[in-house]
Amino acid sequence: MAALNPFAIAQQQLDEAAERLGLDRATHELLRWPMREYHFTLPIKMDNGRTSIFKGYRVQYNNARGPTKGGLRWHPEETIDTIRALAAWMTWKTALVDIPLGGGKGGITCNPKELSEAEKERLARAYIRAIWRELGVDRDVPAPDVYTTPQIMAWMMDEYETIVGHSHPGVITGKPLPIGGSPGRTDATARGGVYCVREAAKALNLDLSNATYVIQGFGNAGQFAATLHREILGGGTLLAVSDSRGGAINRKGINPADMVQHKLETGTVTGFPGTELISNEDLLELKCDVLYPAALEAVITDRNAQNINARIVCELANGPTTPEADKILQDKGVYVLPDFLANAGGVTVSYFEQVQNTYNYYWSLEEVHRQLDLKMSRAFHDVHEMSQKLKTHNRLAAYMLAVTRVAEACKLRGWV
Ligand code: NAD
């Protein structure tokens, strides 16, 4: 079967919202495409003395509401269409949590697991040399995404500042704390998602203090979700987790902090004492209260949606559910917290980081959590109320809210 094209999915989702909103033809067409995109060919000297050639991209999808913002993904299967889709979702995400930014995304097709630290540094710096003219707090601000780290952000900021010749920490977010990172950025994506689960439980009248939960993907988003779920909801049993090498299950429960330590030490979740192996496919179909997809796109499709056995799906990953699967989940009564709501905590704290960098004054961790909670709770209730009012699923409701805001900005600027 041909791989699903994430950008075609993003356009299909927008089309549905545009139709429900009765959006005019020009605005709809404008919002279906990136406004600007860059392609680079990056020659990198490898440690063995040979040169390897890498492909890089940056998509600035829409800046009607403010400078574009979005992560950088380093992945062997990276394509321009994945980046376009992710940039579109960033546009809807920043609008939904109502921060004054547009949407962008970038990436490099590469396998960071096969690169040394020195090679990663050369690649990070080469990427910035290719795009630096188009970056800045008033233009476009990158951040981490899959397989990019605070260290990579630090090299990138340093390269940018070296070229422009002055300090400009807000050019990139997700930096390490000692060089302008924000307290609370590392766990912000998962924290924002769990805040949404907490608010959903209130709206649906569910008691989740003894809930079972399952996590697909055990990187930044997945690992913090494992520990924060129990911390924020006051309890819960983690049944299973997975990563690119497979999954681990223990129906009596897995200690989240010990699993994080195991992943850190061994590089995988498999082999954790007391667990059995489970495939990524079977893990998604486990009966549980909350399922957190926290890996890659298109894992819940028309082929397995009927078998999803969760009460709530909290999409920490971008694009884990296809449009066909959305309809099946809605019919089954599964409550989906759509990606650009559920994982908006990351960009929200990235925005707080930019604000702090600009003021050169830093907030306490408590202040970051308080402000994040306000933004996420407000966005959740906006989406929930809209979906109740229109008797539709949360993703369409979220799209309608976000697209209305971006369309209004385009109109006010006189673009359409
Ligand atoms: P990460 O690189 O820290 O972790 C990715 C995890 O997914 C790893 O554990 C990896 O082993 C696992 N994985 C990769 N391929 C897999 C597969 N085929 N099946 C199962 N697991 C697989 O990345 P992250 O930052 O945690 O991002 C995860 C998802 O969350 C992505 O969709 C990303 O776009 C989204 N997201 C992240 C942030 C953030 O701030 N980090 C913000 C918003 C959205």
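Here are some notes on this structure, which is a predicted model.

1. **Overall make-up.** The protein chain contains 14 helices and twelve strands. Its radius of gyration is 20 Å, close to the 22 Å that the globule rule gives for 416 residues, so the chain is as compact as a globular protein of that length.

2. Of the 416 residues in the protein chain, 60% count as buried. Looking at contacts with a separation of 6 or more, 71% are accounted for by residues 24 or more positions apart.

3. **Charges.** You will find 45 positive and 48 negative side chains in the protein chain. The centres of these two sets lie 2 Å apart.

4. **Two domains.** The protein chain is divided into domain 1, residues 34-169, and domain 2, which is made of 188-343 + 390-395. Taken over C-alpha atoms, the centres of domain 1 and domain 2 are separated by 27 Å. Where the domains meet, 13 residues of domain 1 are in contact with nine residues of domain 2.

5. **Asp187 in the loop from H5 to H6.** Asp187 sits in the loop between helix H5 (150-164) and helix H6 (188-204). Is this residue buried or exposed? Asp187 has a relative accessible area of 12%, under the 20% limit, so it counts as buried. Not counting residues up to four places away in sequence, Asp187 touches Phe224, Leu228 and His369.

6. **Gly180 in that loop.** Gly180 also has its place in the loop between H5 and H6. With a relative accessible area of 10%, Gly180 is buried. Which residues does Gly180 contact, leaving aside neighbours within four places in sequence? They are Lys175, Glu353, Asn357 and Tyr362. For a sense of scale, Gly180 and Ile300 are 120 residues apart in sequence and 37 Å apart in space, C-alpha to C-alpha.

7. **Helix H10 and its cover.** Helix H10 takes in residues 323-332, and its buried residues are Pro323, Ala325, Asp326, Ile328 and Leu329. After H10 comes Gly333, with a positive phi near 80°.

8. As background, most residues other than glycine have a negative phi. Asn205 is not a glycine, yet its phi is positive, about 60°. Asn205 is found in the loop between H6 and strand S6 (212-216). At 73% relative accessibility, which is over the 50% limit, Asn205 counts as exposed.

9. **Lys391, another one to look at.** Lys391 is a residue other than glycine with a positive phi, near 50°. Where is Lys391 placed? Its place is in the loop between helix H13 (365-390) and H14. Lys391 is exposed, with a relative accessible area of 71%.

Terms used
Residues numbered from 1 in each chain as written. Predicted model: local features only at pLDDT ≥ 70, side-chain atom pairs only at ≥ 80, totals over all residues. Heavy atoms only, no water. Helix = DSSP H or I, 4+ residues; strand = E, 2+ residues; numbered from the N terminus. Rg over C-alpha atoms; globule rule 2.2 N^0.38 Å. Buried < 20%, exposed > 50% of the residue type's maximum accessible area, 1.4 Å probe, protein only. Contact = heavy atoms within 4.5 Å. Lys, Arg positive; Asp, Glu negative; His and termini not counted. Charge placed at Lys NZ, Arg CZ, Asp CG, Glu CD. Domains from an automatic or database assignment.
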